[in-house]
Amino acid sequence: MTIRAFIAIGLPEGIRRDLAMLQALLPLPRRLEPEDFHLTLAFLGDQPEPVLEALHDGLSGLAAAQFSLTLEGAGLFGGVRPRVIWAGVAESASLRHLQARVARVAVQAGIPVATQGFNPHVTLGRAGALEPDQRARLEAAVAAAHGFRAGSWQVEAIGLYASYPARKGARYDLLADYPLTERASGR
């Protein structure tokens with residue numbers, strides 16, 4: 001049996017509320033439910049349970065310090081045919097360092113994860129085929145949301161999630177969480 005999985009940072013309730021308010025301002029064809037908002041560190045694809053167990057062991061031994069994050073801005077992935085509407089993440093060396101370490105743990109467990117090109121974001125919704133006027137309205141609303149800002153909050157853990165396709169969008173279940181240490185060690 002395989003499980004479609006990813007490693008992500010869950011978001012606190014207040015940040016999810018802020019993102020839901022941003023969603024309300026955007027003409028999104030398909031919205032994610034606020035409880036499904038997350039910041040993906042590594043998409044793992046379909047993996048057999050023994051590989052996920054090896055990953056779990058690696059993530060359980062991962063030592064990383066807590067850090068703060070802030071969301072800012074909004075944007076679209078997909079160019080002239082937008083597919084994903086997202087909220088951005090303020091630049092964070094700690095986040096990039098954590099993502100690189102998570103990717104290395106995944107690779108060591110036998111999961112090919114890209115270690116380059118990490119573009120941190122929180123997906124707000126998806127756009128299917130849009131008519132030109134719908135696309136123009138969406139692009140204008142996203143441009144107007146450029147000044148969006150939420151946070152900051154303390155990242156205290158990362159999670160391993162399962163993703164189950166569903167008619168109205170994927171459903172996510174937390175399989176395991178991995179607390180981060182309370183303070184940076186200064187190393």
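Modeller: Helix α3 covers residues 93-108, and its 16 residues should span 22 Å at 1.5 Å a residue; the end C-alpha atoms lie 23 Å apart, which agrees. The expected span is 1.5 Å times one less than the number of residues. Helices (H or I, at least four residues) and strands (E, at least two) are DSSP runs numbered from the N terminus. The model is predicted, with local features requiring pLDDT of at least 70 and side-chain atom pairs pLDDT 80 or more, while totals for chains, interfaces and linings use all residues. Residues are numbered from 1 along each chain as its sequence is written, and side-chain values use heavy atoms, with hydrogens and water left out.

The buried residues of α3 are L95, L98, Q99, V102, A103, V105 and A106. Viewed down the axis of α3, they fall within an arc of 160°, so they line one face of the helix; the arc is taken from the directions between the helix axis and the C-beta atoms. Buried means under 20% relative accessible area, exposed over 50%, and partly exposed in between (1.4 Å probe, protein chains only). On the face turned away from the buried side of α3 are the exposed residues A93 and Q108.

The buried residues of α3 pack against β1 (2-10), β3 (38-48), α2 (49-60), β4, β5 (84-89) and β8 (157-164), contact being defined as heavy atoms within 4.5 Å. Just after α3, G110 adopts a positive phi of about 100°.

One of the packing partners of α3, strand β3, contains H38. With a relative accessible area of 12%, H38 is buried. Leaving aside residues up to four places away in sequence, H38 touches F6, A8, I9, L11, H121, V122 and Y172. An unreviewed UniProt entry carries the annotation "active site" on H38 and H121; such positions are given in the numbering used here, feature names are shortened, and annotations may be inferred rather than shown by experiment. The annotated residues H38 and H121 span 84 residues in sequence, yet no two of their C-alpha atoms are more than 8.5 Å apart, so they gather at one spot. The lining of the largest pocket includes both H38 and H121. A pocket, on a 1 Å grid over the protein atoms alone, is an open set of points where a 1.4 Å probe fits, with protein on both sides within 12 Å along at least five of seven lines; lining residues have an atom within 4 Å of a point.

E72 is partly exposed at 36% relative accessibility, whereas R149 is exposed at 53%. A salt bridge requires a side-chain nitrogen of Lys or Arg within 4 Å of a carboxyl oxygen of Asp or Glu, and the whole structure holds seven.

Strand β7 also contains S152, and the peptide bond from G151 to S152 is cis, with omega near 20°. In general, most peptide bonds are trans.
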